[in-house]
Amino acid sequence: MWKLLISMVRVINSSFLINFFFNIARHLIVVLFFIMKKVFFIISLAFVLLSCNDNSDALIRSAVDNQMKNYPKSTLQDLYKCFFQDYFGPGHIVTDSIAAKEYLLYELENMHDDTAVLLYESTGYKHNYVRVSLDVIRDSIVPFNAYLSAFLRSVKDIEGLSHDEWCKEWKKIVGVIDDMNLNLPNYQSDKCSIDSLLDAGKYVMHHSKSYGVAYHPHYRIMRRDIFDKEILPYIQEYYITPSLDE
């Protein structure tokens, strides 16, 4: 009788142990599955972020190359302005439309024979805004009122980036420019000037003197969607020109 009971206990203990270890193994497999799932997600996310970063670096280099091809007298100051305008447009909200109109008329009257390198060009590497030369008004390509209206609505309620966000973005941009070894004049002094500007909580910077002397820039900044819809058709009608996406 005792032997039978001992045997039954052994069987019960064996079954219990088997089930116990089976349950532990099952839970371990479930835990490992979720761990591997999270690891895979983290690796995938890191890959995506690295890919995005590499892509933005390539776009920044392309924007710099275009600037230097079209405006070889550009300095770091002019590159900064191009990328800055991509986020902040002209850098301030125009509240006095009458004064804006009068200054536009004044600038048109004093352009003389200055001719733009390009009638229009995208800013930065995200192409949020477009520089549109005053030549399109002077040469009767775009009506004055259409140009003025597009400009005024483009500089209304500018959001841009916070100061910290822009500092971070510029640090990324200038890092790419550093690696390009462009041998720009006054490069280090321009970097220091820009850093001082940002440290003071400011953003806006004018074109360099060398750029102004070489190219006599006369343009206004327009939001990309407004330009594409309202201004580009006038230019395309006057010239057979590709869109900015082509």
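Me: Helices (H or I, at least four residues) and strands (E, at least two) are DSSP runs, numbered from the N terminus. Which of them supply at least two residues each to the lining of the largest cavity?

Reply: Strand E2 (129–133) and helix H8 (209–215) do, and E2 gives the largest share, three residues. Bear in mind that this is a predicted model, where local features need pLDDT of at least 70 and side-chain atom pairs 80 or more, while totals for chains, interfaces and linings use all residues. Numbering runs from 1 along each chain as its sequence is written, and side-chain values use heavy atoms, without hydrogens or water.

Me: Why is that space called a cavity?

Reply: Because on a 1 Å grid over the protein atoms alone, a 1.4 Å probe fits there but cannot get out. Of its 19 lining residues, Ala116, Val117, Pro217, His218 and Tyr219 are closest to the centre.

Me: What makes the other space a pocket?

Reply: A pocket is an open set of points with protein on both sides within 12 Å along at least five of seven lines.

Me: How do you know which residues line the largest pocket?

Reply: A lining residue has an atom within 4 Å of a point, and 23 residues line this pocket, with His92, Tyr103, Glu107, Tyr219 and Arg220 nearest its centre. H3 gives the most, five residues.
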